[in-house]
Structure formats: C-alpha cells, structure tokens
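My notes follow the display below.

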Amino acid sequence: MAILEIRDLHVQRDGKEILKGVNLKTGPGEVHAIMGPNGSGKSTLSYTILGHPKYEVTKGDILLDGESILGLSPDERSKKGLFLAFQYPTEVAGVGYSHFLRTAYNALSKSLADEKREVFLTVREFQNYLKKNLDEVGLKHDFLSRYLNEGFSGGEKKRSEVLQMAVLQPRISILDEPDSGLDIDAVQAVAKAISSVSRKDATVIVITHYARILKFLDKLDYVHVMAQGKMIKEGPKELADELEQKGYSWLGIQETTE
Ligand code: ADP
Ligand code: MG
Ligand code: MG
C-alpha cells in the first residue's frame with residue numbers, strides 16, 4: 001500500500017516561484033495522468049517529489065503513507081519505493097544492465113521489507129525474471145547484454161526506463177514525458193509497462209503533453225491538468241480525449257513555446 005499526498009505545494013527554483021499551490025492524492029494501483037502545456041511546472045513537480053536539491057519547497061508538504069518525505073534525500077526516497085523516469089536519462093558507463101537491475105531490485109526488496117517481493121540470489125533466477133519482464137513490455141532479450149544507457153538511442157533510453165520500472169516494481173513511479181520523441185511501437189511498450197506495474201498494485205503518474213500514450217493504457221483513473229504552477233482541472237480519462245480534441249486553449253490556457 002502506498003499513498004502519495006501533495007498538499008498546497010509551493011516550490012521555487014533559483015528564487016523564482018514555479019509551483020504555486022499544487023494538490024494531488026494517489027492511491028495504490030491507480031494510474032494518474034498529469035497533462036499541461038510546456039512550462040506549466042510538470043517537470044518541476046516530479047523533480048520536487050524525488051527531492052532534487054535545486055527545487056526549494058517554500059510551503060506545503062509531500063506525504064508518503066501519511067509521513068512527510070521533505071526531509072529525506074533522493075536516495076532515501078527511492079528506498080521507500082519512489083521512482084522517477086527522467087525525461088532525459090543519463091548514461092552510466094561500464095555498468096552491465098542486468099547487474100545494475102539485480103542490485104537495485106534486491107536493495108529495494110530489502111529496504112521495503114515486503115515479504116511478497118522475492119530476493120533473487122542467483123544470476124540465473126534473476127535473468128528469468130528479467131526475460132519475463134522484457135516480454136511483457138515488448139523488448140528484445142539482447143537488451144540485457146547492453147550497458148546501461150550507453151549508446152542507447154532516445155527511444156531505447158525510454159524503453160530502458162520503463163523496463164527498470166517493470167523490473168524494480170517501485171511503489172510509486174513518475175514518468176516524465178515517457179512518450180516524447182517515440183515511435184508508436186515504443187509508445188505502446190511504455191504503456192504496457194505502466195499497465196503491468198499498476199496491475200501489481202503500484203501507483204503510476206504519467207506526465208504528458210499529449211493524450212496519445214494514454215489511449216494505450218489498460219486503465220487510467222484520473223487526469224489532472226496543470227497550468228502556471230497549479231492544478232486547474234481534474235477528471236476521468238475522457239478529459240484527456242477532450243483536451244486532445246479541443247486543445248489547452250479550451251481551458252483558457254495560453255500555450256507558450258520554450
Ligand atoms: P514543464 O515540465 O511543464 O514544461 P517545467 O517544470 O520544466 O515545466 O518549468 C516550469 C517553469 O519553470 C517554466 O516557466 C520554466 O521557464 C521555469 N524554469 C525552469 N527551469 C528554471 C530555472 N532553472 N530557473 C528559473 N525558472 C525555471
Ligand atoms: Mg517542458
Ligand atoms: Mg517537463
């Protein structure tokens with residue numbers, strides 16, 4: 001069980017207020033979408049939840065299962081089961097992919113102390129688990145012999161991030177524009193990974209500008225619309241379709257280009 005609650009969150013970066021009172025609550029197994037035009041503060045919100053040091057919380061709180069996480073480092077937050085797929089994943093030279101994943105998976109299992117999570121003691125056991133996950137998200141098995149993000153194309157990096165999510169089974173995942181720059185097959189792979197973790201009671205928050213990826217999800221419980229550092233509208237999944245048809249201007253939002 002994991003409940004994430006964001007209360008009246010105000011955040012500054014370099015002295016400029018970017019988030020101006022954000023509220024959000026998610027429950028286990030729920031899939032949420034946060035939509036909004038460029039510059040509305042979506043990435044700021046995800047970095048702040050994960051504890052990026054450049055984002056200063058000046059008011060409000062972020063609670064995980066009723067306890068504030070504001071005092072925790074990014075590492076401590078990830079040990080509690082929070083996961084952020086970065087918009088631009090970085091390369092980790094020389095780190096074997098499956099080794100990285102097994103180490104991270106086992107560390108998370110230990111820190112969550114959840115008896116439903118297995119700890120994989122042998123490399124072979126873990127390889128089998130990995131292959132199952134690769135199949136589930138539509139990735140080829142040779143992905144495993146690669147090095148983490150090294151020489152990955154943009155699309156491969158995104159697929160790699162969602163594979164990490166499917167494998168690690170974090171309690172709460174935040175995917176910041178996992179669909180940007182992807183072809184339709186990759187978008188579907190990302191959507192499959194999201195559906196696979198949400199079936200296992202994990203929460204997923206998908207941040208996206210476009211409704212396209214949302215159509216491939218098995219389920220989508222809530223759509224939140226963000227503009228100018230605030231949540232301005234919330235609704236069921238049909239809200240995403242409506243936004244796609246009518247554009248953000250329908251809600252009186254000015255689209256700006258960055
Ligand atoms: P989104 O992810 O929705 O496109 P961002 O969170 O990236 O929005 O940005 C929100 C706002 O914060 C934008 O207006 C942007 O110009 C501003 N911003 C981003 N980075 C900085 C920074 N380093 N210093 C000051 N303002 C910033
Ligand atoms: Mg942006
Ligand atoms: Mg962004």
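Which element gives the most to the shell around ligand 1? I looked this up and found that H1 gives the most, with 3 residues. Helices (H or I, at least four residues) and strands (E, at least two) are DSSP runs, numbered from the N terminus.

I note that this is a predicted model, in which local features need pLDDT of at least 70 and side-chain atom pairs count only at pLDDT 80 or more, while totals for chains, interfaces and linings use all residues. Residues are numbered from 1 along each chain as its sequence is written, chains are lettered from A and ligands numbered from 1 in the order in which they are written, and side-chain values use heavy atoms, with hydrogens and water left out.

**Entry 1: the sheet**

I traced an open sheet of 4 strands with antiparallel pairing, in the order E2-E1-E4-E5. Two strands pair if DSSP finds at least two bridges between them. Strand E2 (16–26) and strand E5 (67–68) stand at the edges with a single partner strand each, so one side of each has no neighbour in the sheet.

I then looked at strand E1 (residues 4–13), which pairs with E2 in the antiparallel sense over 8 bridges. Val11 stands opposite Leu19 in E2. E1 and E2 form a hairpin with 2 residues between them, and Asp14 in the turn has a positive phi of about 50 degrees.

**Entry 2: the ligand**

I found 13 residues around ligand 1 (a residue is near a molecule if one of its heavy atoms lies within 4 Å of it); the closest are Arg13, Gly39, Lys42, Ser43 and Thr44.

I next checked distances to oxygen atoms of ligand 1. A polar side-chain atom of Lys42 lies 2.8 Å from one such oxygen atom, and a polar side-chain atom of Asn38 lies 3.5 Å from an oxygen atom of the ligand. For Ser43, a backbone N or O atom lies 2.9 Å from an oxygen atom of ligand 1. The protein covers 70% of the 560 Å² of accessible area (Shrake-Rupley method, 1.4 Å probe) that ligand 1 has on its own. E2 and H1 are the elements that give two or more residues to the shell.

Note on methods
Polar contact = N/O pair within 3.5 Å; in protein donor to acceptor, adjacent residues only side chain to side chain.
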